Amino acid sequence: TWSAGIENPEVRQILFQLIAVGRYKGCADLAASVAVNKAGEDQERFEALKALVELDDYRIDAFIEAAAS
């Protein structure tokens, strides 16, 4: 699983950048789970959100709305 696999935060952030650039829609669930994980690192959560924006994921509006409230 994600939490038990890649420990290096820089590598995890690069993976989200690759997901965004490559538009790997199959990784959207992973990005969404990291984006909403309040225990996660801020930069990692931000990269996950950016990936969701690039993927034009249907959940991004709800995430933005939740962050604004």
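This is a predicted model: local features need pLDDT of at least 70, side-chain atom pairs count only at pLDDT 80 or more; totals for chains, interfaces and linings use all residues.

Biologist: Thanks! In which helix is the place of Gln-13?

Modeller: Gln-13 touches Gln-43, Glu-44 and Glu-47, once residues up to four places away in sequence are set aside. The place of Gln-13 itself is in helix H2.

Biologist: Are H2 and H4 roughly parallel or roughly antiparallel to each other?

Modeller: Helix H2 covers residues 9–22 and helix H4 covers residues 42–54, and their axes are 8 Å apart. They pack at an angle of about 10°. Angles under 35 degrees count as roughly parallel. H2 and H4 are therefore roughly parallel.

Biologist: How many nonpolar, polar and charged residues are in the contact of H2 with H4?

Modeller: On the H2 side the contact is made by Arg-12, Gln-13, Phe-16, Gln-17, Ile-19 and Ala-20. H4 brings Gln-43, Glu-44, Glu-47, Ala-48, Ala-51 and Glu-54. Sorted by class, the contact has five nonpolar, three polar and four charged residues.

Biologist: Next, Ala-31: is it buried or exposed?

Modeller: The place of Ala-31 is in helix H3, residues 28–35. Leaving out neighbours within four places in sequence, Ala-31 is in contact with Phe-16, Ala-48, Ala-51 and Leu-52. Buried means under 20% relative accessible area. The value for Ala-31 is 0%, so Ala-31 is buried.

Biologist: What separates the C-alpha atoms of Ala-31 and Asp-57?

Modeller: Along the chain, Ala-31 and Asp-57 are 26 residues apart.

Biologist: Let us turn to the largest pocket. Which element gives the most to its lining?

Modeller: The largest pocket has a volume of about 180 Å³. Its lining is made of Ala-35, Val-36, Lys-38, Arg-45, Leu-49, Phe-63, Ala-66 and Ala-67. The elements that give two or more residues are H4 and helix H5 (60–68). With three residues, the most comes from H5.

Biologist: And how many charged residues does the lining of the largest pocket have?

Modeller: By class, the lining has six nonpolar and no polar residues. The number of charged residues is two.

Biologist: Arg-45 lines that pocket. How far apart in space are Arg-45 and Phe-16, C-alpha to C-alpha?

Modeller: The place of Arg-45 is in helix H4. Not counting residues up to four places away in sequence, Arg-45 touches Val-34, Ala-35, Val-36, Asn-37, Lys-38 and Gly-40. Arg-45 and Phe-16 are 29 residues apart in sequence, and their C-alpha to C-alpha distance is 9.5 Å.

Biologist: Last one: does Asp-56 count as buried or exposed?

Modeller: Asp-56 lies in the loop between H4 and H5. Its phi is near 55°, a positive value in a residue other than glycine. Exposed means over 50% relative accessible area. Asp-56 has 64%, so it counts as exposed.

Note on methods
Residues are numbered from 1 along each chain as its sequence is written. Side-chain values use heavy atoms; hydrogens and water are left out. Axes are lines fitted to C-alpha atoms, for helices over the stretch in contact, and angles run from 0 to 180 degrees between N-to-C directions. Helices (H or I, at least four residues) and strands (E, at least two) are DSSP runs, numbered from the N terminus. Angles under 35 degrees count as roughly parallel, over 145 as roughly antiparallel, 65 to 115 as roughly perpendicular and the rest as oblique. Contact means heavy atoms within 4.5 Å. Ala, Val, Leu, Ile, Met, Phe, Trp, Tyr, Cys and Pro count as nonpolar, Asp, Glu, Lys and Arg as charged, and the others, Gly among them, as polar. On a 1 Å grid over the protein atoms alone, a cavity is a set of points where a 1.4 Å probe fits but cannot get out, and a pocket is an open set with protein on both sides within 12 Å along at least five of seven lines; lining residues have an atom within 4 Å of a point. Grid points are joined across faces, edges and corners, and a volume is the space filled by probe spheres set on the points. Buried means under 20% relative accessible area, exposed over 50%, partly exposed in between (1.4 Å probe, protein chains only).
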